[in-house]
Amino acid sequence: DGLDCFDINIYADEDKVKEAYIDTCVSRVLDYEFYRDMKIYNLIAIISRFDWKAGIFPELCLCSAIEKLLQLKPTKRARYIRMLLCELYRISNHIYFILNICNILQYDIAYSMCHLERERVLGLIETITGSRVAPNFIRIGGVKKNIEEETLADIRKNLPLLFENIRKIEKIMTEDFLIIERLKNIGIISKDIALEYGVTGPNLRASGARNDLRKDNDFISYGDLSFTAPVGREGDCLERVIIRFREIFQSLRLVNQIINNFPEGDYIKKINLPHLEFQPGAISQDIECPHGIFKIYMEVGEKDIDSLVIKGPSMNSLILGGEIIKGESLEDIDLILMSLDISP
């Protein structure tokens with residue numbers, strides 16, 4: 001699941017991979033077809049197609065880029081709503097990652113438990129946005145609608161349950177000798193190799209690099225929150241699974257901080273987008289999404305998009321994946337590639 005976005009040709013000697021060539025032509029998208037003759041504010045509804053596993057992050061990246069162009073800062077309440085959704089989607093993505101690892105390992109108990117907890121998180125997201133996968137919720141200057149106190153209370157009530165149940169999943173996986181032996185010492189990525197290939201997000205942090213745009217750039221209002229990016233050492237499949245668990249617990253703590261310090265005020269700065277004329281220029285924006293750095297570069301005219309380049313985090317991980325499976329067993333290929341959290 002999720003690995004249907006490329007073809008891989010493997011040359012093997014018995015059960016060991018000697019060479020691997022990854023072909024991504026099957027998932028290549030003609031960007032221009034998406035934004036040709038399109039108004040800027042209409043792009044928000046379809047931008048998630050470029051990385052659907054990232055949830056709300058593509059539309060957040062686009063709106064943040066336009067806000068930078070307009071020198072427009074959203075209200076504090078809008079920024080906190082954005083951070084809340086970012087962390088809920090991060091939790092959902094990482095549970096989905098663990099779910100897929102369990103599926104490959106045929107570890108049915110943890111697989112079923114992951115489904116239940118992801119459903120719990122998606123239910124909270126749906127309460128806020130009205131959708132689950134592609135929410136179309138972020139707006140230039142804020143968000144689509146406000147969050148009621150009842151919703152915040154519901155999230156607060158579910159946090160201990162999520163923490164306890166995900167801790168159970170982590171325990172049964174990390175205390176199972178067979179699972180540890182299956183994940184350990186395969187798909188190893190050193191810190192230097194990860195940096196050389198431009199790998200970002202949890203895959204980079206699992207290799208020992210403490211790099212997180214939320215901390216480095218004080219994105220949205222993350223400077224108001226207290227947290228430290230988790231970092232691994234080994235860079236193997238097991239470390240990448242452990243890092244996801246640690247990031248889930250970190251996100252749960254961040255959600256708790258956000259809802260306990262939720263500010264009052266408006267949730268959007270109202271602007272008349274259909275009649276808004278932009279100063280022609282170029283802008284770039286990047287954002288820490290659940291599987292790495294999602295980046296947008298665009299050139300705009302007075303009302304239309306002249307050029308748009310979107311770069312997701314998965315391509316660099318996929319290119320590196322073709323290298324690190326060399327010398328590995330054929331039966332480990334799916335597991336190694338899945339541990340890189342590749343988004344189609």
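Which helix does R77 lie in? Read on to point 1 for that.

A word on the basis first. This is a predicted model, in which local features need pLDDT of at least 70 and side-chain atom pairs count only at pLDDT 80 or more, while totals for chains, interfaces and linings use all residues. Residues are numbered from 1 along each chain as its sequence is written, and side-chain values use heavy atoms, with hydrogens and water left out.

1. R77, an arginine without a partner. R77 lies in helix α4; helices here are DSSP runs of H or I with at least four residues, strands are runs of E with at least two, and both are numbered from the N terminus. R77 is buried yet has no salt bridge. Buried means under 20% relative accessible area, exposed means over 50%, and partly exposed is in between (1.4 Å probe, protein chains only). A salt bridge needs a side-chain nitrogen of Lys or Arg within 4 Å of a carboxyl oxygen of Asp or Glu. The nearest side chain of opposite charge to R77 is E264, 4.2 Å away; Lys and Arg count as positive, Asp and Glu as negative, and His and the chain ends are not counted. Leaving aside neighbours within four places in sequence, R77 is in contact (heavy atoms within 4.5 Å) with N146, I147, F262, P263, E264, G265 and D266.

2. The salt-bridge tally. By this rule the count comes to 18 salt bridges. One of them joins K326 and E19, with the closest N and O atoms 3.4 Å apart. K326 sits in the loop between α12 (314-324) and α13 (333-338) and E19 in strand β2 (residues 16-23), so this pair ties together parts that are 307 residues apart in sequence. K326 is partly exposed, at 29% relative accessible area, and E19 is partly exposed too, at 42%.

3. D212 is worth a look in the viewer. R205 and D212 form a salt bridge, their closest N and O atoms being 3.8 Å apart, and D212 also meets R214 in a salt bridge at 2.7 Å, N to O. R205 is buried at 0% relative accessibility, D212 is buried at 1%, and R214 is buried at 2%. Through shared partners, salt bridges join E87, R90, R205, D212, R214, E247 and E288 into one network.

4. Which residues line the second largest cavity? They are F57, C86, R90, R214, F219, Y222, I287 and E288. α4 and β5 are the elements that give two or more residues to this lining. On a 1 Å grid over the protein atoms alone, a cavity is a set of points where a 1.4 Å probe fits but cannot get out, whereas a pocket is an open set with protein on both sides within 12 Å along at least five of seven lines; lining residues have an atom within 4 Å of a point. About 30 Å³ of space lies in this cavity; grid points are joined across faces, edges and corners, and a volume is the space filled by probe spheres set on the points. The lining divides into five nonpolar, no polar and three charged residues. Ala, Val, Leu, Ile, Met, Phe, Trp, Tyr, Cys and Pro count as nonpolar, Asp, Glu, Lys and Arg as charged, and the others, Gly among them, as polar.

5. The largest cavity. A search of the whole structure finds two cavities of 30 Å³ or more, and the largest holds about 50 Å³. M173, T174, I179, I180, L183, L238, V241, I242 and F245 line the largest cavity, which makes eight nonpolar residues, one polar and no charged. α6 (149-174), α7 (177-183) and α11 (237-260) each supply at least two of the lining residues, with α11 giving the most, four.

6. The second largest pocket. This pocket has about 330 Å³ of space and a lining of 16 residues, of which S64, E67, P74, F219 and I220 lie nearest its centre. α3 (57-70), α4 (76-105) and β5 (281-289) are the elements that give two or more residues to the lining, and α3 has the largest share, four residues. By class the lining has five nonpolar, four polar and seven charged residues.

7. Two backbone spots to check. I220 has a positive phi near 55 degrees although I220 is a residue other than glycine, and I220 is placed in the loop between α10 (213-216) and α11. Q106, also not a glycine, has a positive phi of about 55 degrees. Q106 is found in the loop between α4 and α5 (108-129) and is exposed, with a relative accessible area of 67%.
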